[in-house]
Amino acid sequence: MGTLERIDDAGTFHVQWDDGRNLGLVMGADSFSVLSPPAQTQKLYMPMTATYYEEEDGLETDVTMDSREAAEYAPQIIAALQKERAQMEREADSPEEAGRA
């Protein structure tokens, strides 16, 4: 087990191994697998506020909702969090994205 530190221009995966060693992995020459980060639970607590941005006449203004107003948008907030998480998991599973993180 180890942590990917970087991918160089030659495509070598430079890894900091849990045993303290550093060793590069080469695609096609070395066999390895990439593990996704552990899932995290996010909880929405009350009272809370939500701030969003509106654009009016070319100007952005921030609008803050109190917990009652924000609770009405709970399904949309949860859907947005799930969409963001799915995107992050797809990027983590893609070898091309590993070097960009």
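**Note on a predicted model with a three-stranded sheet, a hairpin and one aromatic pair**

1. Phe32 is partly exposed, with a relative accessible area of 30%. By the cut-offs used here, buried means under 20% relative accessible area, exposed over 50%, and partly exposed in between (1.4 Å probe, protein chains only). Phe13, at 8%, is buried.

2. The model is predicted, so local features need pLDDT of at least 70 and side-chain atom pairs count only at pLDDT 80 or more, while totals for chains, interfaces and linings use all residues. Residues are numbered from 1 along each chain as its sequence is written, and side-chain values use heavy atoms, with hydrogens and water left out.

3. By this rule there is 1 aromatic pair. The ring centres of Phe13 and Phe32 lie 5.3 Å apart and the planes meet at 55°, so the pair is tilted. Phe13 belongs to strand 2 and Phe32 to the loop between strand 3 and strand 4, so the pair ties together parts 19 residues apart in sequence. The rule takes rings of Phe, Tyr and Trp (its six-membered ring) with centres within 6.5 Å; planes under 30 degrees apart count as stacked, over 60 as edge-to-face and the rest as tilted.

4. The secondary structure consists of 3 helices and 5 strands, in the sequence pattern β-β-β-β-β-α-α-α. Helices (H or I, at least four residues) and strands (E, at least two) are DSSP runs, numbered from the N terminus.

5. An open sheet is formed by 3 strands in the order 1-2-3, with antiparallel pairing. Strand 1 (2–7) and strand 3 (22–26) are at the edges with a single partner strand each, so one side of each has no neighbour in the sheet. On average, neighbouring strands of this sheet are turned by 35° against each other, direction ignored; axes are lines fitted to C-alpha atoms, for helices over the stretch in contact, and angles run from 0 to 180 degrees between N-to-C directions.

6. Strand 1 and strand 2 (residues 12–17) run antiparallel and are joined by 5 bridges. Leu4 stands opposite Val15 in strand 2. Two strands pair if DSSP finds at least two bridges between them.

7. Strand 4 (residues 50–56) and strand 5 (residues 59–65) are also antiparallel, with 7 bridges. Tyr53 faces Asp62 in strand 5 as its opposite residue. The hairpin of these strands has 2 residues between them, and Asp57 takes a positive phi near 55°.

8. Of the 101 residues, 10% count as buried. Among contacts (heavy atoms within 4.5 Å) with a separation of 6 or more, 18% come from residues 24 or more positions apart.
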